[in-house]
Amino acid sequence: MLAGLVGSIVPVLPGTPVILVAAIAHRLYFGAAGASNWVLASLVLLTLLSFGFDYLASVLGARKLGATWRGVLGALAGAIVGVFFSLPGIILGPFIGALLLELAGGRQLKPAARAGFGALLGLLAGAVGKLAICVAMIALFLVNVIYRSVT
């Protein structure tokens, strides 16, 4: 679950699915002492919610500051490439990717940079939302498992 929590921040790692798989594996290994069925169903719903939230935040952030579809695509590609360059790459990757694809699409530097900044803000908002959902998933799982093991 800790790997899933890290995955909520790092763009390439699937945070919520990792937490969901860990909860299911825990249930399979520990049986009745694991998370209840309703908690597992809730974790599935939260995982789906995180996908929608991440996509919506990225698109809205980029669109709000004028990005075209090229800017959104560039931000996502920049985020993936940026992972290989540590923290500066994770932060600058979406901006540079959106900027470059907007420039390649014929936009001027200032609107392209603005779109890149919007894409970066959208990806950061998505990461914050995923982090919050991951924390909620882990808390729900822990409370349920501790409650079931005490009673």
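**Entry 1: the nonpolar patch.** I looked up where the nonpolar surface patch of this predicted model comes from, and found that helix α5 (residues 86-104) supplies its largest share, six residues. I then listed the members: Leu 87, Ile 91, Leu 92, Ile 96, Leu 100, Leu 103 and Leu 109 make a patch of about 640 Å².

Entry 2: I turned next to the interior. In soluble globular proteins, nonpolar side chains tend to be buried together. I found that the largest nonpolar core has 13 residues, and that Ile 19, Ala 23, Leu 40 and Phe 141 are among those with the most contacts inside it. Helices α2 (15-30), α3 (37-64) and α6 (109-150) each supply at least two residues of this core. Its largest share, six residues, comes from α6. I also recorded a second, separate core of ten residues, including Val 59, Ala 62, Ala 119 and Leu 123.

**Entry 3: Leu 40.** I asked which residues Leu 40 touches, leaving aside those up to four places away in sequence. I found Leu 20, Ala 23, Ile 24, Arg 27 and Ala 35.

**Entry 4: the whole chain.** I counted six helices and zero strands. The C-alpha trace spans about 65 × 25 × 15 Å along its principal axes. Of the 151 residues, 38% are buried. The accessible surface comes to about 8400 Å², and 79% of it belongs to carbon and sulfur atoms.

Methods: Residues numbered from 1 in each chain as written. Predicted model: local features only at pLDDT ≥ 70, side-chain atom pairs only at ≥ 80, totals over all residues. Heavy atoms only, no water. Core = buried A, V, L, I, M, F, W, Y, C linked by side-chain atoms within 4.5 Å. Buried < 20%, exposed > 50% of the residue type's maximum accessible area, 1.4 Å probe, protein only. Helix = DSSP H or I, 4+ residues; strand = E, 2+ residues; numbered from the N terminus. Contact = heavy atoms within 4.5 Å. Patch = residues over 30% accessible without salt bridge, like charges linked within 9 Å, V, L, I, M, F, W, Y side chains within 5 Å. Areas by Shrake-Rupley, 256 points an atom, 1.4 Å probe, with all protein chains shown as cover. Salt bridge = Lys/Arg side-chain N within 4 Å of Asp/Glu carboxyl O.
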